[in-house]
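Here are my notes on the two-chain model you passed along.

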2 protein chains.
Amino acid sequence: MASKPSIPKGTRDFSPTEVAKRHYIIQIIKNNFEKFGFQPIETPSFENSETLMGKYGEEGDRLIFKILNSGDYLAKANATHLENKDSTKLTASISEKALRYDLTVPFARYVVQHQNEIEFPFKRYQIQPVWRADRPQKGRFREFFQCDADVVGSKSLWQEVELVQLYDTVFSALGLEGVTIKINNRKILSGIADVIGASDKLIDFTVALDKLDKIGEDGVKKEMMEKGISAAAILKVQPLFHFTGTISEKISQLSVLLAESEEGMKGVEELRFICDNVMKLGLSNSTLDLDVTLARGLNYYTGAIFEVAPPKAVAMGSIGGGGRYDDLTGIFGLKNMSGVGISFGLDRIYLVIEELNLFPETVTATSKALFINYGDAEAFYGLQAIQKLRAAGIKVELYPDNAKVAKQFQHADKRGIPFAVIAGEQEIASDTFVLKNLISGEQRTVDFESLKQDLLRS
Amino acid sequence: MASKPSIPKGTRDFSPTEVAKRHYIIQIIKNNFEKFGFQPIETPSFENSETLMGKYGEEGDRLIFKILNSGDYLAKANATHLENKDSTKLTASISEKALRYDLTVPFARYVVQHQNEIEFPFKRYQIQPVWRADRPQKGRFREFFQCDADVVGSKSLWQEVELVQLYDTVFSALGLEGVTIKINNRKILSGIADVIGASDKLIDFTVALDKLDKIGEDGVKKEMMEKGISAAAILKVQPLFHFTGTISEKISQLSVLLAESEEGMKGVEELRFICDNVMKLGLSNSTLDLDVTLARGLNYYTGAIFEVAPPKAVAMGSIGGGGRYDDLTGIFGLKNMSGVGISFGLDRIYLVIEELNLFPETVTATSKALFINYGDAEAFYGLQAIQKLRAAGIKVELYPDNAKVAKQFQHADKRGIPFAVIAGEQEIASDTFVLKNLISGEQRTVDFESLKQDLLRS
């Protein structure tokens, strides 16, 4: 006998309940993307290798899944690399295609390839799976969905304002309260680098500063000095160790701290515009917070940087992120295309909503009623009604076999179907149905119209 | 300068309009799958190679996209095959995973793997992409969606009845009239093989018979004899050359023709049950037709065989197909699991609906209104209204930049946005908006409430 089949590690099967819950989240994200004027595109699951390779750094190149060429791929394999058994170098000669690693590079490729058909500024969203040959661990998969919204072709900061609103709107629609939308700006980070006089130490600096809550001011300073940041430099940014207050207050502090840095002051101005307008327009359920340690994708973003933290009750990493990148399409030869976008982390949002018990019960609803099968004549009578109920938009089904009645009721129970419809000889004769509520056990004899109304209402 | 990027042959980018149209079709299919009691599952894009290989014949094995192992894959490569440069044999040692080729084998794998969690009969649907390294040609792609609904765990023929209804319901909902749902039965084909005394010639026989309209009775008979079917055998099935009339009449003819074949008569009984009940329950817009030349996936199906032809006005191959397979999960060690299912051909359905001009205009609707940007104060005033309009479910957007007004109106025009909202100093002072219909050119000054009502109504 064959051994029980399995799936590759890091991948998942989704059961009906899981699919329903995932689609509930996706549908809300999608609806709000469209309400904000974003339009969907879809790109192929695999791209030409040259489109992807070299875009995510060396580590990224390793994590990209490559597709073996079809046919006699060894015929065209590089003989030297083959002889040397050099896997890394051989790959290019036996694999021309690779699974997409994210949605941003394919989007950039799309914009350049279709630039003459696109009306700019172009607001696009894309909800598709991506693949990474990462080591699987809790919450990290080799196949997962990304949900991205980006605008390309305008530098207007109103877009940053709207993207913060979009986060707030989506998370509110999902019932998530207490989400924190963190904002920073690449130019603030450059300003800090200017002030500490060590742009190569910037990441060490932000990583250490981010530990303030955990290891305290002295701990952070010790780590910074171990990384080679001078005591004098640390002293210059002393205010960052007591960086509290409202966003406006924080921005004021930054404008003092970064006064000498032209780049830094530009960042302050951008932050001020975005935060002022967001605050004046107001958020529903989320809090906007300025976090100068936020530095995700440092080499990538050029302006605003976003990251979203779930409600504090849930211990979980970020559930969204994004930012401004001034040269999205340059890698494909189209210069001066500024882009700004955000992403929603579907898997983590799912876990947060699950943990907070916020999925509506109706999400996983199966059929409203199961018609019990007493034999062919009864099944036919039932299907006549089923046909009309479905036409009225009601989900109903017939148990396919004339099995023991207890077994059929058990099936309804296990499937979570709330009603059974019983129609035997007597009901057929009187053109009626017995509608049984499987939760309360109540049942009553009704004509078709009442059956329909009852099921519509329930 | 980099050359313009491209995508792998046989794959496609989908523009916003195309995505909207595809999702319109998918949504209708999905809604009706659920109305008929089917529940969604999703499986990983790639499976372990052993799950897929050997399941689709030699040709299928060749057409499966294999994923190169990550890391130093040559270290574990089979040395002999490597030395012999035997691509086919080497593959298993450098590739453990492969992209799914269809949704049926992954479904069978899913059922076996999760058999203890599944409540049978299990009605599942699955709408996901599949990949085939086929030679791309018009209407044939290397990445395409399949939309499958299957029931596993019951032999009841009521399911075949409902699947015919499901086809009719979906195509009616799509506005497609004149679809032909062709039905046959594997056992009828076995019966014919019995009668002509040559089961190995069955495919030759049906392929030739299928050409009756094109090459006439004499042509068909000539071809059959060339393929080694005896004149005596052909004489025995003479009625199939004048196989006309209603379905009931055709079934009667078959019951005479196949009287000597036990298997054939079983097929006649099954066909009679399904067709009788379908006809008595009635179809909305489709025609059921019995086609004894229908033999798709002959080695696979064991009972009913379905295929759907588009309206005659459109020259296009089948837009759907399916059937009964008595041993779906045997390949993975779970015996006696009968399944029956149907599939919708998304790409071809799209082309048919496009050709018949049946996509509703609303499918591709973008934002309802574009707020013209006259500067930061006006943009802020506009965003206050936009925020409330979006909360009311209305898709609206702000032009991000304070660009020339003509350019902004042109943007609305190119995007197909039907209204512009204009608010300058004067409107801000009076708390009003100018709503301009971009099709008629009409414009009027309104307060927020009227703006909202007008946009909701339009």
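Is Gln165(B) buried or exposed?

1. Before anything else, keep in mind that this is a predicted model. As for the opening question, Gln165(B) has a relative accessible area of 5%, so it is buried, the cut-off being under 20%. You'll find Gln165(B) in helix H7 of chain B, which covers residues 158-173. Setting aside residues up to four places away in sequence, Gln165(B) touches Leu383(A), Gln387(A) and Arg390(A) from chain A, plus Phe36(B), Leu281(B) and Leu283(B) from chain B.

2. That brings us to the interface. On the chain B side 105 residues are in contact with 103 residues of chain A. Together the two chains bury about 9100 Å², and 57% of that is on carbon and sulfur atoms. Glu42(B), Trp158(B) and Arg390(B) account for 8% of the area that chain B buries against chain A, more than any other three residues.

3. Have a look at the one joining Arg109(A) to Asp13(B), where the closest N and O atoms are 2.5 Å apart.

4. Next, helix H6 of chain B. Ten of the ten residues of H6(B) are buried, so the rest of the structure largely encloses this helix. The buried set includes Arg109(B) and Gln113(B) as well as Val105(B), Phe107(B) and Val111(B). What does the covering of H6(B) include? From chain A there is helix H1 (16-35), and from chain B there are strand S2 (46-48), H2, strand S5 (122-131) and strand S6 (143-152).

5. On to the aromatics: the whole structure has 32 aromatic pairs over all chains. One of them is Tyr56(B) with Tyr101(B), a tilted pair with 4.3 Å centre to centre and 45° between the planes. Tyr56(B) is in the loop between helix H2 (49-52) and helix H3 (57-63), while Tyr101(B) is in the loop between strand S4 (97-99) and helix H6 (104-113), so to speak a link between distant parts of chain B, 45 residues apart. Both tyrosines, Tyr56(B) and Tyr101(B), are buried.

6. Compare Tyr381(B) and Phe433(B): their ring centres are 5.0 Å apart and their planes are at 20°, so this pair counts as stacked. Tyr381(B) belongs to helix H15 (residues 376-391) and Phe433(B) to strand S15 (residues 433-437), so the pair ties together parts of chain B that are 52 residues apart in sequence. Tyr381(B) and Phe433(B) are both buried.

7. In chain A, the charged end of Lys388(A) sits over the ring of Phe448(A), 4.5 Å from its centre. In chain B, the charged end of Lys123(B) sits over the ring of Phe38(B), 5.0 Å from its centre.

8. Last stop, Tyr350(A), in helix H14 (residues 346-355) of chain A. Its relative accessibility is 14%, so Tyr350(A) counts as buried. The C-alpha atoms of Tyr350(A) and Lys21(A) are separated by 7.7 Å, although these residues are 329 apart along the chain. Apart from neighbours within four places in sequence, Tyr350(A) is in contact with Glu18(A), Lys21(A), Arg22(A), Ile25(A) and Phe359(A).

Definitions and conventions
Residues are numbered from 1 along each chain as its sequence is written. Chains are lettered from A and ligands numbered from 1 in the order in which they are written. This is a predicted model: local features need pLDDT of at least 70, side-chain atom pairs count only at pLDDT 80 or more; totals for chains, interfaces and linings use all residues. Side-chain values use heavy atoms; hydrogens and water are left out. Rings of Phe, Tyr and Trp (its six-membered ring) pair if their centres lie within 6.5 Å; planes under 30 degrees apart count as stacked, over 60 as edge-to-face and the rest as tilted. Helices (H or I, at least four residues) and strands (E, at least two) are DSSP runs, numbered from the N terminus. Buried means under 20% relative accessible area, exposed over 50%, partly exposed in between (1.4 Å probe, protein chains only). A charge sits over a ring if NZ of Lys or CZ of Arg is within 6 Å of the ring centre and within 35 degrees of the ring normal. Contact means heavy atoms within 4.5 Å. Buried area is the accessible area (1.4 Å probe) that two parts lose on being put together, summed over both. A salt bridge is a side-chain nitrogen of Lys or Arg within 4 Å of a carboxyl oxygen of Asp or Glu.
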